Amino acid sequence: MRLFLALTVLLAFACDEAQAQDGPSVFLLTDCNGYVHDVVKPTDGDSLVKRTINKVVKGLGGTVAHSDDATDLTAEVLDPAKTQVLVMYTTGDLPLDLDLLHTYIENGGTLLGIHCATDTLMSDERFFKLIGGSFDGHPWNAGTDVVLKAAEPSHPVVAPIGQERALKEEIYLHKNFDPAAVRVLMYLDMHKTQLKQPRAVPVVWVRQVGKGRVLYTSLGHNAHVWESDWFQAHLANGFKWLTGDLEGPAEPNPQLTHREQHLAEQAAGAESAREPQQLQFFAAMQEEAATQPATRPHDPWVFRCVLDGRPRVVVAALSDDLWVAYDASTCGLYKAWSGGMDFTGSVYDDKHGPQPQTRGISLSQITGDVYWQVLKGEAPVEVAPIYGGYRLDGMQSVQLSYRFKLPDAEVTVTERPEAVEGGLRRVFKVTGLPEGYALQFPLDAGSELTPATHASPDARMVVESRGEGDVTWLRLDKNGPAHLLTRWTRPQSAEQQEPQPIHEF
């Protein structure tokens, strides 16, 4: 009778607590079938991970259930009406019912993956596509000084971390990561981090899956991180965002990862002379590139030469149908053409006098000497561009760099030319441009074919009327990426319908 009364009291208390609950119902899974982190090992009864999750969730008025056995994730547990948030601090191949997990999230459940959650079921595409990636090493170990930077400081998930935070923490690299599938909220700042890698390293990201949400944070290896107020606030806001109590966008932002990739390459290149790890990395990258089959119409496919009697020209053979040449003295596209080159002259055929010439169809050509202009407001500023060289990504792409020294700032522009079907895409990235300034360069009409040019929303095409005719400029008036796409078609007769413009960036 006494036992029955005790059970009745406990049941009544549990019902009262459930009715009073105004925070999230959380299930914490800490099944580790691989490396077991110290923070998840029990000390004084519970692990630091469990104690912290309990503290954060109870501070929100919620409840926490816990298991270190993945088989406990049954259909009853993975019911959005019962469990609002599933938290995973796990490793290895676990007996997870992934069909059930997907159904749970698509129907409104949510997933919070912390640190080693991406070191779970790494060979199972259903899981790494759901969480966003799979573990691919951690060059930044527990004692490494790293600097985080927020891609979206106002997003509630990362607002407690701050726009920038320096700390010692183990940060993961990820494979099977698709920037077009997630919204990245925080990256490793490669310029300020001790050990540099020429790749973008997302640290926190979110995504929408059906009616549910997914949040992953790479943080959470070191004990001092778990014990910090800012990380606990990061988790608390994460719970609120997952359950919809705080709103923040989840639409993918792949352009930011492309931007961070360029910045990381610049940072790693600048430091490679004094970082032994970088020397090893670039040596391995060059060795890998050397083993790749040549897929360009010329080997080498990027080179400096005199072209059409013009010195200091950088040529890139982008495809069989598209070659481009940049003038290193003016930092602009001199010519785009189809047909290749006549390799003549002493360095090619031992004949003195003749120089390499373009052959085939001229697609685009600048005949004047004005390539780049710097504007303050609408007034031109006398600033000459400085060529900063080019970088190769194996046989994949080339990136050119230009600098503009302003009185109180230095602006950097990178450009990556890419061959697309029937045309040329030029991908720009501007950094360091002060407010009120703009950069622009002319778009020519010197083509044997009919060009159709489109700019992305990050740039503007400005038409200037002159005595000798109109001049169209591409104007870049903000920091960040911009794209210019030109396709060429043969002139059509009046009877033929004009082609529809193709916007592809």
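Colleague: How many aromatic pairs are there?

Modeller: The model is a predicted one, and the count in it comes to 13 aromatic pairs.

Colleague: What kind of pair do Tyr 89 and Trp 226 make?

Modeller: The ring centres of Tyr 89 and Trp 226 are 5.9 Å apart and their planes stand at 65°. Planes over 60 degrees apart count as edge-to-face, so this pair is edge-to-face.

Colleague: Where do Tyr 89 and Trp 226 lie?

Modeller: Tyr 89 lies in the loop between β3 (85–88) and α3 (98–106), and Trp 226 in helix α5 (residues 223–227). The pair therefore ties together parts that are 137 residues apart in sequence.

Colleague: Are Tyr 89 and Trp 226 buried or exposed?

Modeller: Tyr 89 and Trp 226 are both buried.

Colleague: Which residues form an aromatic cluster?

Modeller: One aromatic cluster is formed by Trp 372, Tyr 402, Phe 404, Phe 428 and Phe 441.

Colleague: What does Pro 385 touch?

Modeller: Setting aside neighbours within four places in sequence, Pro 385 is in contact with Thr 330, Cys 331, Trp 372, Arg 403 and Phe 404. Trp 372 and Phe 404 also belong to the aromatic cluster.

Colleague: Which residues does Val 411 touch?

Modeller: Not counting residues up to four places away in sequence, Val 411 touches Tyr 402, Arg 403, Phe 404, Leu 406, Val 430, Thr 431, Gly 432, Leu 433, Pro 434 and Leu 439. Tyr 402 and Phe 404 are members of the aromatic cluster. Val 411 itself sits in strand β23 (residues 409–420) and is buried, with a relative accessible area of 0%. From Val 411 to Leu 439 the distance is 9.6 Å, C-alpha to C-alpha, and the two are 28 residues apart in sequence.

Colleague: Changing topic to helices. At what angle do α2 and α6 pack?

Modeller: Helix α2 (residues 48–59) and helix α6 (residues 229–243) pack at about 55°, and their axes are 10 Å apart. That angle makes α2 oblique to α6. The crossing of α2 past α6 is right-handed.

Colleague: Which residues make the contact?

Modeller: From α2 the contact has Thr 52, Ile 53, Lys 55, Val 56 and Val 57, and from α6 it has Gln 232, Leu 235, Ala 236 and Phe 239. By class, there are six nonpolar, two polar and one charged residues in this contact.

Colleague: Now the backbone. Which residue has a phi near 45°?

Modeller: That residue is Leu 121, and its phi is a positive value in a residue other than glycine. Most residues other than glycine have a negative phi. Leu 121 lies in the loop between β4 (110–114) and α4 (125–131), and at 8% relative accessibility it counts as buried.

Colleague: What is phi for Arg 312?

Modeller: The phi of Arg 312 is near 60°, also a positive value. Arg 312 is found in strand β13 (residues 310–319) and is partly exposed, at 39% relative accessibility.

Colleague: Where is Asn 33, then? Is Asn 33 buried or exposed?

Modeller: Asn 33 is in the loop between β1 (25–29) and α2. At 51% relative accessibility, Asn 33 counts as exposed. Beyond residues up to four places away in sequence, Asn 33 touches Thr 91, Gly 92, Asp 93 and Leu 94.

Colleague: Last topic, the whole chain. How many helices and strands are there?

Modeller: The protein chain has nine helices and 29 strands. Of its 505 residues, 50% are buried. Among contacts between residues at least 6 apart in sequence, 67% join residues at least 24 apart.

Note on methods: Residues are numbered from 1 along each chain as its sequence is written. This is a predicted model: local features need pLDDT of at least 70, side-chain atom pairs count only at pLDDT 80 or more; totals for chains, interfaces and linings use all residues. Side-chain values use heavy atoms; hydrogens and water are left out. Axes are lines fitted to C-alpha atoms, for helices over the stretch in contact, and angles run from 0 to 180 degrees between N-to-C directions. Helices (H or I, at least four residues) and strands (E, at least two) are DSSP runs, numbered from the N terminus. Angles under 35 degrees count as roughly parallel, over 145 as roughly antiparallel, 65 to 115 as roughly perpendicular and the rest as oblique. A crossing is left-handed if the near helix is turned anticlockwise from the far one by less than a right angle, and right-handed if clockwise. Contact means heavy atoms within 4.5 Å. Ala, Val, Leu, Ile, Met, Phe, Trp, Tyr, Cys and Pro count as nonpolar, Asp, Glu, Lys and Arg as charged, and the others, Gly among them, as polar. Rings of Phe, Tyr and Trp (its six-membered ring) pair if their centres lie within 6.5 Å; planes under 30 degrees apart count as stacked, over 60 as edge-to-face and the rest as tilted. Buried means under 20% relative accessible area, exposed over 50%, partly exposed in between (1.4 Å probe, protein chains only).
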